[in-house]
Every structure is written in structure tokens, then in C-alpha cells.
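Here is a short report on the packing, aromatic pairs and backbone of one protein model. Please keep the structure in view while reading.

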Amino acid sequence: MLQEDMNYILKSHKNKKTTFHNFKNPELLERNRNRDTRNQLKSSNGTTADIYDQFYRDHQLLLKLFVILGVMPVVRSAPGIVTFSWKSYEMIYAFFLYIFTSSLVLRVGYERVKFIQTTEEFDEYIYGVIFVIFLVPHFWIPYVGWGVANQVAHYKTMWGSFQVRYYRVTGTTLTFPKLNFLIIVLFIGCVLLAVMFLYSLSRLLDGFLLWHTIAYFHIITMINMNAALFYINSRAIKRASHSLSACFKRDIKVECTSTLITQYRLLWLNLSEIFQTFGNAYARTYSTYLLFMSINIIIGAYGSLSEIFDSGFSFKVLGLIVLTIYCACLLFIVCDCANSATSVIAHGIQNTLLKVDLLRIDIHAQQEIDYFILAIELNPPVVSLQGYSVINRELISATISTIAIYLIVLLQFKLTIIAEQTYRSALTRTT
């Protein structure tokens, strides 16, 4: 029905009584004329989708930034269509950039691994592991970036078709105010945050030389930009949900017909499908992202507590606290954005449906309201990483519980080492 732009619904629900009644009401007559004009638009037409794809125009800067970073080399190859090709210029650029940055990462990584092999202190070993772990996301790029580029391109293309259908049903164009300006602010913030984070670590942690930050800069920037990407897409979903709810509330006051409710039901299902496709398309990206953040929170928290046990509060502890807070904030941003978008996408529509006076509408409209409510219950809009995990605030609680368990185990090892050292020192004094 979506591929045919719901023309079947318009034909099957049309009846003589409604048409005759509409000719008596000038407002409804004008609405029908405008609707007939909009029904000529085809969402499968690339040129039409390009005209109404305001979301792409507003956030294309974000896509270009990911192309510059060499992470997601997708391109708008035709009007309304986003594609990915292994032979494209963007992919070739990403490949050579990856080779160049890999040389830097391997150079720094070699020194970090060499430091781990030569150190005998357990805590210094932990610090070395932290520096090595932050190099790992670079080697994920072919898997979590290029490997899912086709799915991401399909997700971006879906937005164009949805916005054409949105205009056909609502009569208004979907807009995203200040999104372009917000992307610029977020990009500048991500770069500045990466510079401040790396500089603070180089000053606070021993063994983290300033020139090493060159190998880490594009990695930290990419990590920050992935959080910004999640926020922008969640914000777009929320904006589309609010606009859809407002238009549905407006139209249902004028004519509460089964045709109108069916169109909005399919339009809402299309939006829910886009939201779920977003999670599936970026499943590799954000599953590894969340795993990476969790591991760094565990190691950072353990390192800071371990250093406090050994020598009290110091600059090294402050650096590890900065690392832990940084990773925890990024983890919270992703989970909170997904949760807020999930809670909003169905809330406004449900409130409007539940406020409809069923005694004033016909039996067909009542059935469509039931179908609409049932569709919302059976198709909950969630960010599911291909079924492996659902991103929401509950994931934060589960992650905190897991981190607490690992910290308890690691601290038990630490306390055992401290007790053994105390026993040896006491034994040495007695002898």
C-alpha cells in the first residue's frame, strides 16, 4: 500500500454519500481538490522525492563530514536516491585515508604494546591497555562503516519517500528547523571536545605523549560524531512524530473518516519502519560503540580506584576520572536519545485517537481507530540492533549493573595484591 501511495485506500473508501456531503461543504470540497492534486505525486519518483526531501538537504553536511572522515562513503548518486559503491570516488578516498591513518595508528600502537610488554606493575599495565583500546575503533571502520554503507544508504533513501507521502496525506511539508545550524555547532563541539580530551589525558596521564594524540585525534572525533549522528537522527524522528501528531489532530477535527484514519495509520507505520531501519542499519556501529564505552568505563573506574588505594588522589586519578566521565556521558547520550524518541513517536497519536468521540463517527471509522491502536501496540517503535539489543534507558541500568560486577571482581584482585604486599613488607621487617 505504501509503494502504491495508498491509492487503493482512496478508491476503496470513496462512496457517494461522502462525495455528496463534501460538495455541500465548501471547506471539505477545497480539501478534496487539494488532496486529489497531491495524490498525483509518486513517492517512488526520485525527482519528486528530491523536492520534498528536506531532511537530506538539512543534514547533508553531516553526511559529507562522515565522507571526509572516511567512515561512511555514501553519496547522492541520483535525485532522491542515496547509494554506496565500492568503486566510487568517495570509497577510494576513504580507502587511501584509512591506509594513511593506519600507519599512524600502528606506529603509536607498537609503542603502546611495547610499553605493556616491558612493564611489571599491574596498574601501569592497565593504563597501557587503556591507550591500546582507544586505538581499536580505527580497525573497526571497514566493518562498522563500509560494511553497513548499503543499509545506511537505503535508510537515507527511505526518508525521501516518507516525506512525499507525508505531504500527500497532511498537505504540509515536513521541516526540520535549525537542523543545519545544529550540525555545524555539533561538529565544532566534537572537534573541540576531542582536542580537549586528548590534551587533558596527555597532561594528566604518564606515558601519554603529546605527539601520540595525532593517531588518536581522528578516532576520538569519529566517536564523538557517532554520538552526534545518533542525536540528529533521533531528533529528526521526534520532529516528524510531533508534526505527524499535530496534523492528525488538526485533520481529525475537520473530517473523522475511515479513509483519513487509514492514511495516517499507514503513514505512522512508515515512520515507525524508518525508526526501526535506523537501528538495524547502524547495528554494527552502535553495538561495538556501546561495548567500547562499557569496557572503557570499567577500566577507567578501576584504574582510578586502584590509584586512590595506592597513593591517594593525584593527577593520574584525575585523568582516569575524565576518561570514565567522557565514556559514560557518550553512553548516556545514545541511550537517552533513543528512549526519548521511542516515547514520543506514538504518544501524540495515541492521545488523539483516545479523545475521539466514537458516538459521532460511523462504524468504519471506529474500526480504523481500533486498527490504528492495535498497530501501535503490535509495532512498538524501538531502536533494535538487529534483535541483539534494544537501546533505551533500561540499557543504561543493565550496563551499570554489569560494570559494578566487573569492578567488584577487579577490586578483589587489587585488594588481594595489596594484602600480599603488606604481608611481604611485614615479613621483611621481622627478618
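## An antiparallel helix pair

H5 and H11 run roughly antiparallel to each other, because their angle is over 145 degrees. The angle itself is about 170 degrees in this predicted model. The two axes lie 11 Å apart. H5 covers residues 54-68. H11 covers residues 213-254.

H5 brings Phe55, Leu62, Leu65 and Phe66 to the contact. H11 answers with Met225, Asn226, Leu229, Ile232, Asn233 and Ala236. By class, 8 of the residues in the contact of H5 with H11 are nonpolar and 2 are polar. None is charged.

## A parallel helix pair

H12 and H16 are roughly parallel to each other, since their angle is under 35 degrees. They pack at about 10 degrees, with axes 8 Å apart. H12 spans residues 258-281, and H16 spans residues 363-378.

On the H12 side the contact uses Ser258, Ile261, Thr262, Tyr264, Arg265, Trp268 and Leu269. On the H16 side it uses His364, Ala365, Glu368, Ile369, Tyr371, Phe372, Ala375 and Ile376. The contact of H12 with H16 divides into 10 nonpolar, 3 polar and 2 charged residues.

## The nonpolar core

The largest nonpolar core holds 116 residues. Phe134, Trp159 and Ile391 have the most contacts inside it. Helix H11 gives the most to this core, with 19 residues.

Which residues does phenylalanine 134 touch, leaving aside its neighbours within four places in sequence? Its contacts are Phe197, Tyr216, Ile219, Ile220, Phe292, Asn296, Leu323, Tyr326 and Cys327. Among them, Tyr216, Ile219 and Ile220 fall within the residue range of H11.

## Aromatic pairs

The structure holds 23 aromatic pairs. One of them joins tyrosine 52 and tyrosine 167: the ring centres are 4.7 Å apart and the planes meet at 25 degrees, so this pair is stacked. Tyrosine 52 sits in helix H4, residues 46-52. Tyrosine 167 sits in helix H9, residues 149-170. Tyrosine 52 is buried, at 15% relative accessible area.

Tyrosine 155 and tyrosine 282 meet in another way. Their ring centres are 6.4 Å apart and their planes stand at 80 degrees, so the pair is edge-to-face. Tyrosine 155 belongs to helix H9. Tyrosine 282 belongs to the loop between H12 and helix H13, residues 283-311. The pair therefore ties together parts that are 127 residues apart in sequence. Tyrosine 155 is buried, with a relative accessible area of 0%. Tyrosine 282 is buried too, at 3%. Both belong to one aromatic cluster, along with Phe230, Phe278, Tyr286 and Tyr289.

## Loop residues with positive phi

Lysine 178 has phi near 60 degrees, a positive value in a residue other than glycine. Its place is the loop between H9 and H10. Is lysine 178 buried or exposed? At 69% relative accessibility, it counts as exposed.

Glutamine 386 also has a positive phi, about 55 degrees, and is not a glycine. It lies in the loop between strand E3 (383-384) and strand E4 (390-391). Glutamine 386 counts as partly exposed, with 44% relative accessibility.

## Tyrosine 199

Tyrosine 199 lies in helix H10, residues 179-204. It is partly exposed, with a relative accessible area of 46%.

## The whole chain

The protein has 17 helices and 4 strands. Its C-alpha trace spans about 110 × 50 × 30 Å along the principal axes. How much of the protein is made up of buried residues? They account for 50% of its 431 residues.

Contacts reach across the sequence. Among those between residues at least 6 apart, 81% join residues at least 24 apart.

Conventions. Residues are numbered from 1 along each chain as its sequence is written. This is a predicted model: local features need pLDDT of at least 70, side-chain atom pairs count only at pLDDT 80 or more; totals for chains, interfaces and linings use all residues. Side-chain values use heavy atoms; hydrogens and water are left out. A nonpolar core is a set of buried Ala, Val, Leu, Ile, Met, Phe, Trp, Tyr and Cys residues joined through side-chain atoms within 4.5 Å. Buried means under 20% relative accessible area, exposed over 50%, partly exposed in between (1.4 Å probe, protein chains only). Helices (H or I, at least four residues) and strands (E, at least two) are DSSP runs, numbered from the N terminus. Contact means heavy atoms within 4.5 Å. Axes are lines fitted to C-alpha atoms, for helices over the stretch in contact, and angles run from 0 to 180 degrees between N-to-C directions. Angles under 35 degrees count as roughly parallel, over 145 as roughly antiparallel, 65 to 115 as roughly perpendicular and the rest as oblique. Ala, Val, Leu, Ile, Met, Phe, Trp, Tyr, Cys and Pro count as nonpolar, Asp, Glu, Lys and Arg as charged, and the others, Gly among them, as polar. Rings of Phe, Tyr and Trp (its six-membered ring) pair if their centres lie within 6.5 Å; planes under 30 degrees apart count as stacked, over 60 as edge-to-face and the rest as tilted.
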